[in-house]
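Please look over the sequence and the model first.

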Amino acid sequence: RAWGVEVRVVIAGGGTAGHVFPALALARRLRAAGAEVAFAGTQRGPEARLAPAEGFGFTAIEARPVPRRPSADAVRAPLVAAHAVRACRPLVERADVVVGMGGYVSVPPVLAAFAARRPVVLHEQNAVAGLANRLFARWARRIGLSFAEAAATLPRRARAVVTGNPVREEIVAVRERRAELAETAREALGLEAARRTVVVFGGSQGARRIDEAAAGAARLLGGRGDLQFLVLTGEAHRGLVEEADGAGGRLLLRALPFLDRMELAYAAADLVVARAGASSIAEITVCGLPAILVPYPYATAGHQEANARALERAGAAAVLRDVELTPRVLGTRIAALLEDPATLARMAGRAAAWGKPDAAARVAELVEEAAW
């Protein structure tokens with residue numbers, strides 16, 4: 001809905017596509033309500049390209065991850081942070097609300113907002129709250145959570161509410177337009193209607209462990225003329241998956257380094273195999289898809305495993321630990337699920353129930369509350 005009065009909002013976050021896409025989904029919703037939205041992020045992150053491409057103002061800031069071990073960078077970190085906060089001050093002073101999307105990129109603008117006495121709304125994507133949000137939570141007006149489990153990792157005084165993780169409108173549309181988009185996917189991606197489709201991806205840069213396991217699983221399931229794999233590899237790993245396509249099996253294998261229109265992959269999918277990043281989980285569940293989640297084992301504070309286990313408890317996903325990931329194990333899990341339609345349907349239903357297609361609207365409401 002339109003707010004009636006223009007509100008100026010600065011969204012702080014980025015560094016990875018997983019942080020930028022939810023921020024953009026929120027920004028679109030705020031703009032539709034009449035807000036003026038600008039981004040603060042790093043010049044080297046995807047936000048520097050994606051935010052201006054969507055018509056949003058963008059201010060490049062200096063932000064660096066907090067060094068976790070003694071080093072020269074650790075010694076310089078407070079000075080770098082203080083300089084970044086001062087540089088952000090003019091930007092946030094023009095804002096009515098500052099939204100921190102988590103991660104180190106959000107730190108200077110949020111600190112500047114506190115110093116300028118501007119209201120702050122935070123969003124936490126993961127089941128384990130990140131360091132920045134844990135530090136800032138007690139002073140934020142409101143905190144939107146993607147996972148209810150994250151509340152236990154925040155200070156008691158934090159004003160947290162489960163909103164879900166904002167997802168792009170084109171992904172939200174998959175549930176209602178699945179048949180139409182699946183047909184487009186088959187034409188655009190060379191898939192076949194008579195085969196069941198397994199979509200495999202590890203994030204915007206790919207994941208070598210998952211790609212290797214998927215390639216091996218494709219070889220082991222090569223006799224299955226009823227299956228097709230769509231593997232989004234990242235540019236670096238495309239070759240190792242394409243090698244499996246040369247094995248001469250009946251299974252259809254398609255390898256792409258990247259897919260701009262992820263809604264096509266989701267619409268075509270009967271089963272997803274993916275890492276357990278927060279944005280991936282939000283998109284998979286909004287689309288109502290069953291999944292095998294392989295958490296990245298080195299994620300900070302084990303947050304990807306916490307994300308995956310939350311979905312497992314909800315009955316929406318199966319979890320396969322990275323240390324257990326082999327072509328044979330992955331192939332066996334895929335085959336077992338596809339041969340058990342009742343379980344697959346139940347997982348899909350639980351995923352749809354867990355997903356929050358209105359997450360962008362829910363977070364936008366928190367921003368509106370803070371603005372007044």
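The text below goes from the overall form to two single residues.

The model is predicted. Its secondary structure consists of 15 helices and 13 strands.

Of the 372 residues, 53% count as buried. Among contacts with a separation of 6 or more, 67% are made by residues 24 or more positions apart. The accessible surface comes to about 16,100 Å², and carbon and sulfur atoms hold 51% of that area. As for charge, there are 48 positive and 38 negative side chains. The centres of these two sets lie 7 Å apart.

R117 is not a glycine, yet its phi is positive, near 60°. A301, also not a glycine, has a positive phi of about 60°. The table gives the place of each in the chain.

| Residue | Loop lies between | Relative accessibility |
|---|---|---|
| R117 | α4 (107–115) and β5 (120–124) | 76% |
| A301 | β12 (291–293) and α12 (303–313) | 58% |

Are these residues buried or exposed? Exposed means over 50% relative accessible area. R117 therefore counts as exposed at 76%, and A301 counts as exposed at 58%.

Methods: Residues numbered from 1 in each chain as written. Predicted model: local features only at pLDDT ≥ 70, side-chain atom pairs only at ≥ 80, totals over all residues. Heavy atoms only, no water. Helix = DSSP H or I, 4+ residues; strand = E, 2+ residues; numbered from the N terminus. Buried < 20%, exposed > 50% of the residue type's maximum accessible area, 1.4 Å probe, protein only. Contact = heavy atoms within 4.5 Å. Areas by Shrake-Rupley, 256 points an atom, 1.4 Å probe, with all protein chains shown as cover. Lys, Arg positive; Asp, Glu negative; His and termini not counted. Charge placed at Lys NZ, Arg CZ, Asp CG, Glu CD.
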